Amino acid sequence: MKTFYYFLLLLITISCSGPASQNTLKFTREDYPGKWPFSVDEIEVYCSGYKEIYCKTSNGKTYALNGSAKGISHNDPSISKIEEIWLDDPELVGLKLSYGDFITERLKLCEHK
């Protein structure tokens, strides 16, 4: 019986530490004050591990946003390449619109994690 309780405690701990329990910041194209850099209308940005920043879109895909997240998820098939939704800058040929604000805002919360 004691083993059962330890197993139950382990299951509860694991279920509470997954991505679903992470705090996210939600951004929408409509509410964003600058140039929206993505081809999707809404993203949820979250921190994982040691300051790895990811975003999840309404299509269910997850994208690595910063260098730490890109490095860790390089061979992870569940993480898509941000280039799939990252828009070109219409004013600067060959460059992309910046999404640095999303990383900066989420990093502030990662520090308090």
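## Ground rules

Helices (H or I, at least four residues) and strands (E, at least two) are DSSP runs, numbered from the N terminus. By that naming, Asp 89 sits in the loop between strand S5 (79–80) and H3, and we'll come back to Asp 89 below.

This is a predicted model, so local features need pLDDT of at least 70 and side-chain atom pairs count only at pLDDT 80 or more, while totals for chains, interfaces and linings use all residues. Residues are numbered from 1 along each chain as its sequence is written, and side-chain values use heavy atoms, with hydrogens and water left out.

## The sheet

Let's start with the strands. There are 5 of them in an open sheet, ordered S1-S2-S3-S4-S5, and the pairing is mixed. Two strands count as paired if DSSP finds at least two bridges between them. S1 and S5 are at the edges with a single partner strand each, so one side of each has no neighbour in the sheet.

S1 (residues 24–28) runs antiparallel to S2 (residues 42–48) over 5 bridges, and Lys 26 has Glu 44 in S2 as its bridge partner. S2 also pairs with S3 (residues 52–57), again in the antiparallel sense, over 6 bridges. Here Ile 43 is partnered by Thr 57, and Ser 48 stands opposite Glu 52.

The S2–S3 hairpin has 3 residues between its strands, and Gly 49 there takes a positive phi near 60°. Lys 51, in the loop between S2 and S3, has a positive phi of about 65° despite not being a glycine.

## The nonpolar cores

A nonpolar core here is a set of buried Ala, Val, Leu, Ile, Met, Phe, Trp, Tyr and Cys residues joined through side-chain atoms within 4.5 Å. Buried means under 20% relative accessible area, exposed over 50%, and partly exposed in between (1.4 Å probe, protein chains only). The largest core has 18 residues, and Phe 38, Ile 43, Val 45, Leu 65, Ile 82 and Phe 102 have the most contacts inside it. S2, S3 and helix H3 (100–110) are the elements giving two or more residues to this core.

A second, separate core has 5 residues, including Tyr 54, Ala 64, Ala 69 and Ile 79. Contact means heavy atoms within 4.5 Å. Leaving out residues up to four places away in sequence, Ile 82 touches several residues, among them Phe 38, Cys 55, Leu 65 and Tyr 99.

## Salt bridges

A salt bridge is a side-chain nitrogen of Lys or Arg within 4 Å of a carboxyl oxygen of Asp or Glu, and the count comes to 6. One of them joins Glu 42 and Lys 26 (3.5 Å, N to O). Glu 42 lies in S2 and Lys 26 in S1, so this pair ties together parts 16 residues apart in sequence. Lys 26 is exposed, at 55% relative accessible area, while Glu 42 is partly exposed at 28%.

Arg 29 and Asp 41 also meet in a salt bridge, at 2.8 Å, N to O. Both residues are in the loop between S1 and S2, 12 residues apart.

## Back to Asp 89

Asp 89 is buried yet has no salt bridge, and Lys 35, the nearest side chain of opposite charge, is 4.2 Å away (Lys and Arg count as positive and Asp and Glu as negative; His and the chain ends are not counted). Lys 35 does form a salt bridge with Glu 91, the closest N and O atoms being 2.9 Å apart. Glu 91 is in the loop between S5 and H3 and Lys 35 in the loop between S1 and S2, so the pair ties together parts 56 residues apart in sequence.

The backbone nitrogen of Glu 91 lies 2.8 Å from a polar atom of the Asp 89 side chain.

Terms used:
Polar contact = N/O pair within 3.5 Å; in protein donor to acceptor, adjacent residues only side chain to side chain.
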